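Reader: Hi! Could you walk me through this protein in plain words?

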Amino acid sequence: MLIQESYHDVPTTADGSGTMRIYVYHPTIPGYPKARFPGVVVFSEIYQVTGPVARFARQIAGQGYICTAPSSYHEFTGPEALEYNAEDTDKGNEWKISKKIAAYDEDASLCVDYLLSLPTCNGRVGATGMCLGGHLAYRCALDSRVKAAVCYFATDIHSHTLGKGKNDDSLARAGDIKGELTMIFGKNDNHVPPEGRDLIRKTLHEKGVLFSFYEVAWAQHAFIRDELSKGRYDPAITKVCFEMLLELFGRTLKLDLGEHDGKELEIEDVC
């Protein structure tokens, strides 16, 4: 499917930052200007919308989803991406804990608002992201308008250390998630250690969230980032995980399932 790329600047108020740039990746079908698609908010890692993040958004858009990618650090810098080097890594990590949680949430809400305002959006919205963006996709799913989220290596959820004051309420609010989650981690992810992943899984179970949880053997943190400066990219595993994203989004955002019948699923205990 063909894609048109643009950007949209929106005013923000939660942190007095002025304007946030939303990058837009819109699928098109020649001859069908009124075609309608689901929307997906694509949240970036601490480097803003880099090449790998843009390519990720394009891949999703090419499957028939309108993707928006916000410049998450608009309070501190322009919309341009940071570099994958030590200096900009330090900047991104510092800004990650300088920004207010309310400002992150406002960014997410504005992206959902924008998607739902488009006449080409079918009214169903999902979220995804990597690293910091995995956490932000999870928080975006706290919005009842979001039907599904795929969270890659969502950092800081287990330690509730995102945002100013390093005391986010993401796990505590897990019960607010009404859509379906897919959580993806590498077994060798040292940013979210085994005990952190166990805590996330346990909490989602206890809060009654509908979710899938994957820990991929051998995979490291940020294994879908398709650049080689840190030696973590795994194309084969990335492809498998992308298929899981498409399954979830296809079922929850493209299909119209109607209302749930209210009946509990009974599974027969036979081999």
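Reader: Great. What kind of model is this, and how are residues numbered?

Author: This is a predicted model, in which local features need pLDDT of at least 70 and side-chain atom pairs count only at pLDDT 80 or more, while totals for chains, interfaces and linings use all residues. Residues are numbered from 1 along each chain as its sequence is written, and side-chain values use heavy atoms, with hydrogens and water left out.

Reader: Ok! Which residues touch the most other members of the largest nonpolar core?

Author: Those are Tyr-138, Tyr-152, Leu-181 and Met-183, in a core of 86 residues. Helix 6 (residues 235-254) gives the largest share of this core, nine residues. A nonpolar core here is a set of buried Ala, Val, Leu, Ile, Met, Phe, Trp, Tyr and Cys residues joined through side-chain atoms within 4.5 Å. Buried means under 20% relative accessible area, exposed over 50%, and partly exposed in between, with a 1.4 Å probe and protein chains only. Helices (H or I, at least four residues) and strands (E, at least two) are DSSP runs, numbered from the N terminus.

Reader: And what does Met-183 touch?

Author: Not counting residues up to four places away in sequence, Met-183 touches Tyr-138, Cys-151, Ala-154, Ile-157, Ile-200, Leu-204, Ser-212, Phe-213 and Tyr-214. Contact means heavy atoms within 4.5 Å.

Reader: Leu-204 is on that list. Where is Leu-204, and is it buried or exposed?

Author: Leu-204 sits in helix 5 and counts as buried, at 0% relative accessibility. Setting aside neighbours within four places in sequence, Leu-204 is in contact with Tyr-138, Ala-174, Leu-181, Met-183, Val-209 and Phe-211. Leu-204 and Leu-181 are 23 residues apart in sequence, and their C-alpha atoms are 9.5 Å apart in space.

Reader: Tyr-138 keeps coming up! What about helix 4?

Author: Helix 4 covers residues 132-140, and nine of its nine residues are buried, so it is largely enclosed by the rest of the structure. Tyr-138 is one of them, and others include His-135 and Arg-139.

Reader: What does Met-130 do for contacts?

Author: Met-130 lies in strand 5 (residues 121-130) and is buried, with a relative accessible area of 1%. Leaving aside neighbours within four places in sequence, its contacts include Phe-43, Val-53, Phe-56, Tyr-152 and Ile-224.

Reader: New topic: which residues make the nonpolar surface patch?

Author: Met-1, Ile-29 and Tyr-32 make a patch of about 330 Å². Patches use residues with over 30% relative accessible area and no salt bridge, where like charges are joined within 9 Å and nonpolar side chains (Val, Leu, Ile, Met, Phe, Trp, Tyr) within 5 Å. The areas come from the Shrake-Rupley method with a 1.4 Å probe, and for residues only the protein chains shown count as cover. Ile-29 is in the loop between strand 2 (18-28) and strand 3 (37-43), and is partly exposed at 35% relative accessible area.

Reader: How many salt bridges are there?

Author: The count comes to 20, where a salt bridge is a side-chain nitrogen of Lys or Arg within 4 Å of a carboxyl oxygen of Asp or Glu. One of them joins the side chains of Glu-5 and Arg-58 (2.5 Å, N to O). Glu-5 lies in strand 1 (residues 2-12) and Arg-58 in helix 1 (residues 51-61), so the pair ties together parts that are 53 residues apart in sequence.

Reader: Are Asp-156 and Lys-96 buried or exposed?

Author: Both Asp-156 and Lys-96 are buried, and their side chains meet in a salt bridge (3.0 Å, N to O). Asp-156 lies in the loop between strand 6 (146-152) and strand 7 (180-188) and Lys-96 in helix 2 (residues 86-96), so this pair ties together parts that are 60 residues apart in sequence.

Reader: Which residues are linked in a network of salt bridges?

Author: Arg-197, Asp-198, Arg-201 and Glu-215 are. Within it, the side chains of Glu-215 and Arg-201 meet at 2.5 Å, N to O.
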